[in-house]
Amino acid sequence: MVSLTLEQEKSLREYIQKSSLEDAVKTIYSTRKPRELTGKDGIIMRIFGEDFEGPQKYQSMYFDRRRNEKVLTEFAEFMEAVQIYDTNPSQENKAELLLEAADFLFQKEVVRMRHANHPLYNKSLSQMSRAFDYVIEQLNSRGVSANVAYNAAIIKYGARAWLGVHGMTAKDKDLERNLLLEQIQ
């Protein structure tokens with residue numbers, strides 16, 4: 001976990017409190033290029049794999065050429081977090097479940113903001129909306145609201161945006177988890 005001074009920690013918390021998911025997307029992608037919407041390395045592949053038909057039929061793995069290995073799709077990561085939470089409904093596992101749901105919100109916002117002119121935009125957004133409705137249904141059935149998931153997305157990606165702007169390694173899962181745990185306890 002990144003070591004922040006008290007002043008930096010205060011600044012990070014203030015940034016997250018004042019930010020929106022749209023702000024985080026703008027900040028994160030001000031210095032890097034988002035994935036393409038479709039294709040072998042696209043957002044849709046990363047989230048669903050190939051041939052996503054819905055929550056009952058999805059691909060759990062895909063080959064990520066950036067990492068040069070097979071990895072879980074975002075949807076499979078969420079489903080795995082659901083199983084872990086159901087086995088042990090601790091606050092830590094609830095935080096992990098929310099952080100996985102946050103990925104859907106973030107990617108949906110990226111698609112909305114960065115790929116609106118893509119010919120498959122409407123189809124892709126519809127797919128994402130269907131999957132996200134399922135994610136929200138799963139969270140609601142476990143007593144977690146969509147607002148809590150949205151706040152988790154702001155915490156996760158707001159922290160990444162702030163860290164990146166301040167020249168630090170942007171992805172710090174421990175920091176993200178700790179910030180979220182403070183909010184949900």
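Modeller: Let us begin with a cut-off: a residue is called buried under 20% relative accessible area, exposed over 50%, and partly exposed in between. Please keep in mind throughout that this is a predicted model.

Colleague: With that cut-off, is Asn 68 buried or exposed?

Modeller: Asn 68 counts as exposed, because its relative accessibility is 60%. The residue is found in the loop between strand S1 (61-64) and strand S2 (69-72).

Colleague: What should I look for in the phi of Asn 68?

Modeller: Most residues other than glycine have a negative phi. Asn 68, which is not glycine, has a positive phi, near 60°.

Colleague: How is the packing of two helices described?

Modeller: Two packed helices are described by the angle between their axes and by the distance between those axes. Here helix H4 (residues 74-87) packs with helix H5 (residues 91-114) at an angle of about 160°, and their axes are 9 Å apart. H4 is therefore roughly antiparallel to H5, and the crossing of the two helices is left-handed. Among the residues that make the contact are Phe 75, Glu 77, Phe 78 and Tyr 85 of H4, together with Leu 97, Glu 100, Ala 101 and Phe 104 of H5. By class, the residues of this contact divide into 9 nonpolar, 1 polar and 6 charged.

Colleague: Which residue forms a salt bridge with Glu 77?

Modeller: Side chains of opposite charge can pair when their charged atoms come close. The partner of Glu 77 is Arg 46, with the closest N and O atoms 3.4 Å apart. This pair links distant parts of the chain, since Arg 46 lies in helix H3 (residues 43-48) and Glu 77 in helix H4, 31 residues apart. Both Arg 46 and Glu 77 are buried.

Colleague: How many salt bridges does the structure hold?

Modeller: There are 18. One of them joins Arg 112 to Glu 22, with the closest N and O atoms at 3.2 Å, and this pair connects helix H5 with helix H2 (residues 21-28) across 90 residues. Arg 112 counts as partly exposed because its relative accessibility is 37%, and Glu 22 counts as partly exposed at 30%. Glu 22, Lys 26, Glu 109 and Arg 112 are linked in a network of salt bridges.

Colleague: Where do Asp 174 and Arg 177 lie?

Modeller: Both are in helix H8 (residues 173-184), 3 residues apart, about one turn of the helix, and their side chains meet in a salt bridge of 2.9 Å, N to O.

How values were computed:
Residues are numbered from 1 along each chain as its sequence is written. This is a predicted model: local features need pLDDT of at least 70, side-chain atom pairs count only at pLDDT 80 or more; totals for chains, interfaces and linings use all residues. Side-chain values use heavy atoms; hydrogens and water are left out. Axes are lines fitted to C-alpha atoms, for helices over the stretch in contact, and angles run from 0 to 180 degrees between N-to-C directions. Helices (H or I, at least four residues) and strands (E, at least two) are DSSP runs, numbered from the N terminus. Angles under 35 degrees count as roughly parallel, over 145 as roughly antiparallel, 65 to 115 as roughly perpendicular and the rest as oblique. A crossing is left-handed if the near helix is turned anticlockwise from the far one by less than a right angle, and right-handed if clockwise. Contact means heavy atoms within 4.5 Å. Ala, Val, Leu, Ile, Met, Phe, Trp, Tyr, Cys and Pro count as nonpolar, Asp, Glu, Lys and Arg as charged, and the others, Gly among them, as polar. Buried means under 20% relative accessible area, exposed over 50%, partly exposed in between (1.4 Å probe, protein chains only). A salt bridge is a side-chain nitrogen of Lys or Arg within 4 Å of a carboxyl oxygen of Asp or Glu.
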